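Notebook open, model loaded. I'm jotting down what I look up as I go.

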Amino acid sequence: MFTITYKDKKTKARIGKLKTKSGIAETPFFMPVATRGVTKGLTSEELKQIKVQAVISNALILYLRNGSEIIKKFNGIRNFMNFKGINFTDCGGFQMYSKQIYLNSNDKGINFRNPVNGEKLFITPEKDMEIQMDINSDVAMSLDSMPMYEHSKKDIAEATEKTIMWTKRCKEHHDKLQEGIPKEKRQMLFGIIQGGIFEELRKKAAEETIKLDFDGYSIGGFGLGETIDEEFKIVELVKKIVPEEKPVYLMGIGTPVEILKGIALGVDVFDSRMPTQNARHGTLFTSKGNLKITNEKYKFDKSPVDEKCNCFVCRNYSKAFLRYQLINDEPTGKKLATYHNIYFLTKLIEEAKKEIKNGTFERFAKDVEEKYK
RNA sequence: GCGAUUGUAGUUCAGUGGCAGAACGUGCGACUGUGGCUCGCAUAACGGGAGUUCGAUUCUCCCCAUUCGCC
C-alpha cells in the first residue's frame, strides 16, 4: 500500500508511492482542499493540468447539503467530480473549530447544527465512517475530537483521550463496513493523532493509534496558534513512534516553509486551505517569497507574478491585470490567483523530490526558507 | 429673472454653539484538516467671506455652487 522509493541521506526526507484503489500517488504531495467536491475556482481538468495528485473533500460539509447522498448515487466522488487522481476525505472533526455549526460533544460523538435547515446532527465515529464510505473516497480519516490551542492542558488531554477512543471505534466499524471487499478495492483509513503541543500526550496518542494498524497516520491540531518550533518538535516525536513504512499526513499545513520542514522530517502528505484562501485574498507565492498582488505598486506592472514560474497565469497575464481583477472582486481574478498558488506549491514539492534524489534537498529547503522570512 | 432647497471624508449620508460620526471607497495587514463581496488596522471632510459670541461647521447677512418649481 505504501512503499518508499528514495531516502535522503542528510534528512529524514523520503519519496514513496501511495497505492490506493483509484491509483498511485507519489509522495510527498500537497492536496488542495475541495471541501464541497470542488477546489474553489478550479475544474478537475485544471487540477489535472497542474498535476495535482490528490485533493481532500470534507465528509461533514458534504453531508450537510445531501452531498454524500448524491455522491453515493454516483458510486463515489471520483465519478461525481471527475477528478481522476486520489480523493481523500476529512472526517469533519475540525469543524468543532467552527462556532457556526459546532454545538457540543460527549464521549459518544459530536453535536452539530446544520446551518442549512437548523437541524441538530449527532455525528458518531460509526456515522462518520458510513458517510465517508458513501462518498467512497480513496483515503478516509478517523473521527477526532479537535482540541483548541488555547485550551488548558487538562482539556487537551481529555480531547486526546476521546480521540483515541473514537479512533478505535472508527477502525472497528470501518473494517466491518468493508468485509468481503478485496483488499485492493478497499477504502484506506488513516488514524488521527492529537495531543496539542504536549509531548507526553502526543506520545501516548501515537502509541495507542499505531496499535490499531491503520493504513497511515495523520497528525492533527496544528496551524492554530502554536509556534513552528512547537509544531515540528511534535512532528519529529510522532515520526519516531510511527513505523517507517507507514505514510504520515500533517493535516492542515500548507505554507512553503512548513511543507519543506515537514518533508525534511519524513512527512508524506499535506493539505491546507491556505494557498487557495490566500490566493482569493491576494497573497501569492513566488520564488522570491510572498507577494501581495493587490498592493498599489503593481497598478501598472506589466510583468508576471513570478518571472520564474511557468504556469499559464504567469505566462499569459500581468501583475496589473491580476491586481485589477482581484480588487474588483472578479471571480476570474480569484481563479487565476488560485491556479498560480496551487501550481507553485505542487511544483515546489516536485522540485523538492528532485533535490532529494540529488542529495541536495537540505540546502534547497534552507534557500526557500530564507526567501519566506 | 423670481421663489424655494441643499452645500460635512473620494462618494452617499448622520450630527453638534465647545474633541466631527457611519457606510462604502482607498491604503496596509491577516488568513494553515468549510466558507463568505471575510476579518483587523489606517486614511480622509464642515463651499467662500463678513457679523453675533469667550467660542460658529452649527445662528444672521452677503457671495458662489446645487437641486426643484414658476415665468
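Which element gives the most to the surface near RNA strand B? I looked, and α10 does, with 5 residues.

**Ground rules.** This is a predicted model, where local features need pLDDT of at least 70 and side-chain atom pairs count only at pLDDT 80 or more, while totals for chains, interfaces and linings use all residues. Residues are numbered from 1 along each chain as its sequence is written, and chains are lettered from A and ligands numbered from 1 in the order in which they are written.

**Confidence.** I checked pLDDT (the predictor's confidence in each residue, from 0 to 100) before anything else. Chain A has a mean of 95, and 100% of its residues reach 70 or more. For the model I noted ipTM 0.91 and pTM 0.93.

I counted a residue as near the strand if its C-beta atom, placed from the backbone, lies within 6 Å of it. By that rule 44 residues surround RNA strand B, and the closest are T35, D90, S98, G223 and G252. Two or more residues each come from β5 (54-58), β14 and α10 (274-280).

**Overall build.** I found 14 helices and 16 strands in chain A; these are DSSP runs, with helices as H or I of at least four residues and strands as E of at least two, numbered from the N terminus. The C-alpha box is roughly 60 × 50 × 45 Å along the principal axes.

**β4.** I wanted to know what covers this strand, residues 29-32. In chain A, 49% of the residues count as buried. β4 pairs with β14 (residues 269-272) in the parallel sense over 4 bridges, and pairing takes at least two bridges found by DSSP. M31 stands opposite D271 in β14.

I traced an open sheet of 3 strands, ordered β1-β2-β3 with antiparallel pairing. Its edge strands are β1 (2-7) and β3 (23-27), each pairing on one side only. β1 and β2 (residues 14-20) are joined by 5 bridges, and Y6 has I15 of β2 as its bridge partner.

Conventions
A residue is buried if 20 or more other C-beta atoms lie within 10 Å of its own, exposed if 12 or fewer, and partly exposed in between; C-beta atoms are placed from the backbone.
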